[in-house]
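Q: Please take a close look at one part of this model, the packing of a pair of helices, and place it in its surroundings.

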Amino acid sequence: MTTDDLGHALPLPGPATRIVSLVPSITEALATDVPDLLVGATDWCTHPAELTVARVRGTKNPDLGAIRALAPDLVVANQEENRELDVRRLRAAGVPVWVTAIETVPQALTSLARLYDEALGLAAPPWLVRARACWAGPPPAPRGRVAVPVWRDPWMVVGPRTYTGDLLRRLGWTNAYDDGDDRYPHVELADLDTADLDLVLLPDEPYVFTADDGPEAFTRVPTRLVSGRLLTWYGPAMVEAYDVLSS
């Protein structure tokens with residue numbers, strides 16, 4: 001019997017044929033490779049743009065009744081993005097749930113390969129093969145210290161033990177907030193807008209930083225608008241993240 005990333009045993013009689021994904025980045029992967037198997041996704045699953053599966057509300061408040069009505073033989077969730085309570089309720093209703101646990105780039109590559117192999121009965125898709133090749137080498141020479149806000153008013157940043165933090169390290173950046181207990185700590189703007197930072201990256205999710213909303217708050221440190229998908233989504237975005245962010 002196979003197990004998910006948290007060691008939970010899943011009674012899968014064979015490769016999944018009806019999948020509901022509660023993880024936007026994994027939804028993109030499944031829609032790219034096995035669109036005929038994907039029957040449901042969250043409202044936050046925005047890639048690919050032409051995705052037309054049933055919607056089951058958000059990642060934090062999924063419509064469990066709607067999920068059950070789709071009769072999935074597998075629901076894909078993530079330890080960070082989805083609530084343990086929802087996972088427990090789905091399992092109690094007899095729905096197999098595969099929970100991924102991803103805090104580093106290697107974990108993402110391994111987790112997705114296992115999902116395709118053990119839950120779908122498929123070989124690694126081309127994007128995963130390329131992603132492995134892209135991220136296999138050693139990190140480049142250090143670029144400097146960076147911070148990545150994910151919210152403003154109050155300001156919150158990417159902290160330690162996160163996929164984004166590990167991605168930054170493998171791009172040569174040192175996350176200025178890569179310590180402590182809080183994975184997404186609150187910070188004061190004055191502590192962000194300091195000369196000892198080389199760059200502040202402003203993603204467009206979860207907070208939608210734009211040219212008119214974000215850069216104006218910083219007077220001492222350079223800022224760069226960047227796709228939140230490239231910083232936080234594992235899956236096909238990992239290839240694009242390497243191509244765009246490594247330059």
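A: Axes here are lines fitted to C-alpha atoms, for helices over the stretch in contact, and angles run from 0 to 180 degrees between N-to-C directions. Helices (H or I, at least four residues) and strands (E, at least two) are DSSP runs, numbered from the N terminus. The model is predicted: local features need pLDDT of at least 70, side-chain atom pairs count only at pLDDT 80 or more, and totals for chains, interfaces and linings use all residues. Residues are numbered from 1 along each chain as its sequence is written, and side-chain values use heavy atoms, with hydrogens and water left out.

Helix α4 (residues 105–119) packs with helix α5 (residues 126–134) at an angle of about 155°, the axes being 11 Å apart. Therefore α4 is roughly antiparallel to α5, a term for angles over 145 degrees. Contact means heavy atoms within 4.5 Å; α4 contributes L109, L112, A113 and Y116, and α5 contributes W127, L128, A131 and R132. Of the residues in this contact, seven are nonpolar, none is polar and one is charged; Ala, Val, Leu, Ile, Met, Phe, Trp, Tyr, Cys and Pro count as nonpolar, Asp, Glu, Lys and Arg as charged, and the others, Gly among them, as polar.

Helix α4 also lies across β6 (74–78) and β7, running at about 160° to β7. Five strands form an open sheet with parallel pairing, in the order β5-β4-β3-β6-β7; two strands pair if DSSP finds at least two bridges between them. Strands β5 (54–55) and β7 (97–100) are the edges, each pairing on one side only.

Conventions. Angles under 35 degrees count as roughly parallel, over 145 as roughly antiparallel, 65 to 115 as roughly perpendicular and the rest as oblique.
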